[in-house]
Amino acid sequence: MHDVTMSALHHALRGLSARQRTIADNIANLETPEFLAGRVDFESSLSAAVQAGDPGAAEISTSRSMAATGVNGNNVNLDQETLTLIETDLRYQMTSQAVSNKFGLLRTAIKGGA
Amino acid sequence: MATFPVLSTMANGLSVFRTWMDAVGDNLANLNTVRRTDEAAFQARFVVAEAVDYGNAATPGIGSGSRVAGVAFGSAEGRLVHDPEHPLADEDGMVRLPDIDMATQMTQLIQAQRGYQANLAVVDRARDAYLAALQIGK
């Protein structure tokens with residue numbers, strides 16, 4: 001039941017949800033002095049793990065943006081965060097749809113196509 | 001961790017921006033608060049925000065929004081204005097007014113309002129994603 005596809009989708013959802021939380025944190029700190037925007041990367045690790053045949057080994061890495069800061073030491077860029085948030089949410093919905101489709105296949109197999 | 005972590009992060013963010021709007025409202029309401037010269041002027045309120053679970057350079061992690069760390073106060077000195085007719089005026093005809101600039105406060109009000117709106121927009125988007133997750137397998 002828990003094959004490579006399902007495992008890869010699961011890790012993609014985890015990574016996307018981590019990115020969502022990070023963007024939420026960035027936007028909540030839009031005006032917090034000395035706050036550096038958080039970044040999440042899981043794609044490179046997941047892609048390497050899928051190639052190696054074990055998506056379960058994928059890791060989520062977080063870092064702080066090194067972009068130039070404003071006078072209050074904050075570098076959150078609302079335009080960029082909003083666009084990334086929209087992209088992340090759409091990808092999350094797409095991935096969860098893929099999980100559903102995968103379950104749909106299972107259901108078909110269980111019902112024997114009836 | 002909360003069931004829907006983005007929502008609690010946003011709740012933190014929203015309360016910072018709302019507190020900021022409250023402070024600006026208080027400052028604007030007291031723009032013309034007159035005091036005797038032997039009293040302190042109304043002091044402008046500044047909201048101090050800080051990140052929650054910011055982590056450090058080695059392990060940045062994912063934070064949980066922002067919170068109000070405290071309130072800082074502006075000058076108690078204010079400015080002295082000559083208004084001999086005023087019932088609170090001293091023998092030289094002076095009264096004390098707060099040193100608050102209306103344009104600065106209005107600018108901050110807009111900043112706080114936009115921040116609040118940005119936080120609310122995130123709530124909407126996160127809700128869509130959470131709903132999609134709840135539909136898995138249906």
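The largest pocket is lined by 17 residues, with Glu31(A), Pro33(A), Trp20(B), Val47(B) and Ala49(B) lying nearest its centre. A pocket here is an open set of points on a 1 Å grid over the protein atoms alone, where a 1.4 Å probe fits and protein lies on both sides within 12 Å along at least five of seven lines; lining residues have an atom within 4 Å of a point. Its volume comes to about 320 Å³, taken as the space filled by probe spheres set on the points, which are joined across faces, edges and corners.

This is a predicted model, where local features need pLDDT of at least 70 and side-chain atom pairs count only at pLDDT 80 or more, while totals for chains, interfaces and linings use all residues. Residues are numbered from 1 along each chain as its sequence is written, chains are lettered from A and ligands numbered from 1 in the order written, and side-chain values use heavy atoms, leaving out hydrogens and water.

On the chain B side, α1 (5–29), β1 (45–51) and α2 (102–134) each supply at least two lining residues of the largest pocket, and β1(B) gives the most, with 4. Helices (H or I, at least four residues) and strands (E, at least two) are DSSP runs numbered from the N terminus.

As for confidence, the model scores ipTM 0.82 and pTM 0.86. Chain B has a mean pLDDT (the predictor's confidence in each residue, from 0 to 100) of 91, and 97% of its residues reach 70 or more.

Over in chain A, Thr88(A) sits in helix α3 (residues 78–111).
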